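Hi,

Here is the structure I promised to pass on. Please look it over before reading my notes below.

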Amino acid sequence: MPDSSLSATPNLLQRTYEAGFVTDVESDILPPGLNEQTIHWISQKKNEPKWLLEWRLDAYRHWLEMDEPQWATVTFDAIDYQDISYFSAPRGDKPKSLDDVDPEILQTYNKLGIPLHEQELLAGVERPEGRPPVAVDAVFDSVSIGTTFRESLAEEGVIFCSFSEAVHEYPELVQKYLGRVVPKSDNFYAALNSAVFSDGSFVYIPKGVRCPMELSTYFRINSQNTGQFERTLIIADEGAYVSYLEGCTAPMRDENQLHAAVVELVALDDAEIKYSTVQNWYPGDEEGKGGIYNFVTKRGSCMGKRSRISWTQVETGSAITWKYPSVILRGDDSVGEFYSVALTNNHQQADTGTKMTHIGKNTKSTIISKGISAGKSSNVYRGLVRMNPGAKESRNFTQCDSLLIGENCAAHTYPYIEARRRDAVVEHEASTSKVSEDQLFLCQQRGIDGEKAVAMIVNGFCKDVFRQLPMEFAVEAAKLLEVSLEGSVG
Amino acid sequence: MTFLRIKDLVVKVEGRPVLNGLNLEVGRGEVHAIMGPNGAGKSTLANIIGGKPGYETVTGSVSLNGVELLDLSPVERAYKGVFLGFQYPIEIPGVSNMEFLHAAVNSLRKEAGQDEISTIDFMKKVRSVANGLQLGSEFLKRGVNEGFSGGEKKRNEIVQMLMLEPKLAVLDETDSGLDVDALRVVAEGVNQFRSEERAIVLITHYKRLLEYVQPDYVHVITDGVIVRSGDDTLATEIEERGFNWLAEA
Ligand SMILES: Nc1ncnc2c1ncn2[C@@H]1O[C@H](COP(=O)(O)OP(=O)(O)OP(=O)(O)O)[C@@H](O)[C@H]1O
Ligand SMILES: [Mg+2]
């Protein structure tokens, strides 16, 4: 009888990475290497004020003294930081408007389904009538090539632009908040980013404003041997609300490429920030060759009372993911949330999770993590919940579920809890399950074939997290899971 | 004309023989009931027809309309119109009944070279089918069998059968664990499904189902072979006398 079991053909792993093409565009690429000269060059290229150059140099000097973190459950050959180029931008001046952008680049975003014209649809998904579109900032290698809906957002006082522009146009906001949540010497990769960061997005939502549309940034690595070091800063002033989405892709290349981003979120009194990521960097091939090293520091600060920050991530790409979107719950009654789906296949490694630091009174955090491992991959949840002495009557709920597909993958859960108060309530639930042969047989018996069936079962497993995503991203995330699981079942 | 033909079927589970040269022929338009003591091999037979992994077929053949099923994967058998109603339906958490059925219906239609069913037609049909089995719309939004009671799970099997419109339905104790009203509802579902084009194999322990769904034949399996075949009076005899007299005969 033909054997349709999951374990039957674990070696026929194959995956199609649709975003893996290269755009043929002339770029100015800084030769590989990193020293103070490099930083001077980047800062000058971006015409930055002196304070920012000094800030970068200070970060660089810290970085020189630091070591790469060793505690994560990931293995890779040492990175030669002198072998990476720290700046790559399409040749020529920054386009004045999207009409001036190189058609090759526009074509790239078109292929990826990202609308750079305001009438287009994100991911081809029709929005229900009355729902506003999504504004996009498109970052190509080291620079932002354009931001849509800027004018209509400006009418509400919302600032949405590239980080480089913000440095010039809103220097007081940038200077006030840059490094406030993730200090420049926070960790090895954050320090590196602080020294050489290129571009990224800047968002400011003024007091009492509910951002009228979803904002999004699409990061695209195109050039070879370059690292991407973007920096995002989002500030929600008192009573403001914003939902922000982030997507990322890169060509298929045999070499590993480094992506070391920093994201800082600031929520003042009664403000709310929802930050969603669909991470689909190139994961490497079936043998584990190539792929992005995704070493990212993301942190939000609930500075204000009753403020709320929620991270939702769907991580399907990258050869290695090292990422712990965190929330510092400083304001009384503030709320932090982390919803995560991390899928690894073939030789991918993910060490991801979150850190919830409860400082204010009556603060609450929720962590829902869904890890899915297939192929020979390794998937780690690492979380820390800390209840500080001042965090009176605070609570956390953590749920970590792992799903294994096949026999050769691994899943681990490391939930750390540091509660320095008796009245802290910290609840933890964990489960590990396998896509069962019985579930698979049920699907097949009803006419749904192996891969579709696994994708459906996995999607069901992730439902609690997908529910948190804006519509387009939920659709995209479900599709991505399906593609990423290709070849995981015989 | 014979539609389902099972010939000299010998099957082992974990190295132990469970079916020992079983023969059965079912024609289109017929309803066959299969009875037999616990452990006789009834579910094994159903699972072999559906293609469930984990069984060793030593010899024999299972063909549908002249096509050897044993050479086909489970999904290919589904494409050929085989449906298996499970004795113990399992859950798929987070996958709603609606999306599950929608995917299954479209997958079968695609295989048959038909267009996808329109969302409106699908919704209409699935609501009316579920209503017929006395499962309200809220059941369609819940995960497949997720948190369903035993009886609800069994009714859900019939919903799936009526949605997928197979040619051969093998229902493994769909009547077990149903209350009197649910039994009637399930029987109505089966009768509605019954047609000249279709064949039905009902595995059951109770005559009661057969009072609602009149079988053309009743077979008794013990120790992996059919030991007696007859009409529905055989079911009455078994209800009164048990199985032992068959072995003695
Ligand atoms: N996976 C298995 N491992 C070991 N033995 C098995 C397995 N599956 C079935 N068997 C054995 O095969 C025999 C037939 O089982 P089967 O489930 O077909 O019986 P059944 O006639 O459906 O019984 P019931 O009326 O209780 O449902 C039993 O003795 C059972 O223990
Ligand atoms: Mg049985």
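Predicted model: local features only at pLDDT ≥ 70, side-chain atom pairs only at ≥ 80, totals over all residues.

In total, 13 residues surround ligand 1. The closest are N38(B), G39(B), K42(B), S43(B) and T44(B). Which helix gives the most to this shell? Helix α1 of chain B, residues 42-50, does, with three residues.

Next, the interface between the chains. Here 23 residues of chain A are in contact with 24 residues of chain B. On the chain A side, α8 (437-445) and α9 (450-461) each supply at least two residues. The largest share of that side comes from α8(A), with seven residues. By class, the side of chain A that touches chain B holds eight nonpolar, eight polar and seven charged residues.

Where does I114(A) lie? Its place is in a loop of chain A, between α3 (103-111) and β3 (134-140). Is I114(A) buried or exposed? I114(A) has 20 C-beta neighbours inside 10 Å, so it counts as buried. The cut-off for buried is 20 or more. I also looked at the pair I114(A) and V22(A). These two residues are 92 residues apart along the chain. Their C-alpha atoms are separated by 16 Å.

Best wishes

Key:
Residues numbered from 1 in each chain as written. Chains lettered and ligands numbered in written order. Helix = DSSP H or I, 4+ residues; strand = E, 2+ residues; numbered from the N terminus. Buried ≥ 20, exposed ≤ 12 C-beta atoms within 10 Å, placed from the backbone. Near = placed C-beta within 6 Å. Contact = placed C-beta atoms within 7 Å. Nonpolar A, V, L, I, M, F, W, Y, C, P; charged D, E, K, R; others polar.
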